[in-house]
Amino acid sequence: MRKQKKVKDSYVIMTELVLPNDTNTLHNLMGGRLLHWMDIVSAIAAQKHSNRIVVTASVDNVSFSESIKLGNVVTLEANVTRAFNSSMEVHIVVNAEDIPSGKRFKSNEAYFTFVAVDQLGNPIDVPESIPETEEEIHHYERALQRRQLRLVLAGRMKLSDAPELMTIFDIKESKE
Ligand SMILES: CC(C)(COP(=O)(O)OP(=O)(O)OC[C@H]1O[C@@H](n2cnc3c(N)ncnc32)[C@H](O)[C@@H]1OP(=O)(O)O)[C@@H](O)C(=O)NCCC(=O)NCCS
């Protein structure tokens, strides 16, 4: 039987202080630096779930709505939402805080996909993920549609092989 692991066992929190070398000429955190931190925190979550070496397979849409300033404290929280065969979807939430003023805001949210690999870099199956809380179950259930969407967009899956995705767009399967 396939091994099972609880979603909560993959939770990771990472805290960073925005230093001058992390910023652009406007003294705002550079997007690339934030993506780097998001990649690290989510890779650790995927490693905790799989106990394997993992590689980033894809990064879903990431947008930057409010700038994070020099001196802000950035907190990144990540957990595996759902494991498939060798791949795992990881949800990342980024919050920023200006400690002197007490201002805290959510900066980003994203989904990254990691694949567990063996020593030769070949994909290897990971344990099943077991969601327990209402929020974990919500993310788990929706993960299937997100997986289908990213694989269709990456040209790795035909829309006709993505029935759960088609229901979002109200697409009926062709009978031909
Ligand atoms: C990710 C990688 C291991 C997939 O290898 P592959 O030979 O294409 O393997 P498969 O087709 O068997 O797919 C393996 C898994 O990856 C998933 N996958 C592949 N491409 C994907 C993509 N673009 N988005 C999401 N998942 C993807 C597949 O869905 C499959 O998941 P499953 O096992 O849970 O069903 C391989 O493409 C790789 O090593 N890429 C480079 C990774 C890397 O260097 N990352 C850092 C980039 S800077």
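Asn 51 is found in the loop between α1 and β3, and in this predicted model the residue has a positive phi of about 55° although it is not a glycine.

**Loop residues with positive phi**

- Most residues other than glycine have a negative phi.
- Asn 51, with its positive phi of about 55°, has 12 C-beta neighbours inside 10 Å and therefore counts as exposed, since the cut-off for that class is 12 or fewer.
- His 27 is likewise not a glycine and has a positive phi, in this case of about 65°, and this residue is found in the loop between β2 and α1.
- Because His 27 has 13 C-beta neighbours inside 10 Å, this residue counts as partly exposed.

**Overall chain**

- Taken along the principal axes, the C-alpha atoms of the protein chain fill a box of roughly 60 × 35 × 35 Å.
- The protein chain has 176 residues, of which buried residues make up 29%.
- Among contacts in the protein chain with a separation of 6 or more, 68% are accounted for by residues 24 or more positions apart.
- UniProt, in an unreviewed entry, lists residues 8-120 as "domain: HotDog ACOT-type"; in the model this span is 18% helix and 45% strand, and its end C-alpha atoms lie 29 Å apart.

**β4 and its partner strands**

- Strand β4 (73-83) is largely enclosed by the rest of the structure, because 8 of its 11 residues are buried.
- On one pairing, β4 meets strand β2 (residues 12-17) in the antiparallel sense over 6 bridges, and Leu 17 stands opposite Val 73 in β4.
- On another pairing, β4 and β5 run antiparallel and are joined by 10 bridges, with Val 74 standing opposite Ala 96 in β5.
- β4 and β5 also form a hairpin, and 3 residues lie between the two strands.

**The nonpolar core**

- The largest nonpolar core has 27 residues, and Val 90 and Ile 92 are those with the most contacts inside it.
- At least two residues of this core are supplied by each of α1 (31-50), β4 (73-83), β5 (87-98) and β6, so that the hairpin strands β4 and β5 both contribute to the core.
- When residues up to four places away in sequence are not counted, Ile 92 touches Met 38, Val 41, Ser 42, Leu 76, Ala 78, Glu 109, Ala 110 and Phe 112.

**The shell around the ligand**

- There are 17 residues around the ligand, and those that come nearest are Ser 58, Phe 84, Asn 85, Ser 86 and Ser 87.
- The elements that give two or more residues to this shell are β3 (53-59), β6 (103-117) and α2 (134-153), and the largest share, 4 residues, comes from β3.
- By class, the shell has 8 nonpolar, 7 polar and 2 charged residues.

Note on methods
Residues numbered from 1 in each chain as written. Predicted model: local features only at pLDDT ≥ 70, side-chain atom pairs only at ≥ 80, totals over all residues. Near = placed C-beta within 6 Å. Nonpolar A, V, L, I, M, F, W, Y, C, P; charged D, E, K, R; others polar. Core = buried A, V, L, I, M, F, W, Y, C linked by C-beta atoms within 7 Å. Buried ≥ 20, exposed ≤ 12 C-beta atoms within 10 Å, placed from the backbone. Contact = placed C-beta atoms within 7 Å. UniProt positions renumbered as here; feature names shortened; annotations may be inferred. Pairing = 2+ DSSP bridges.
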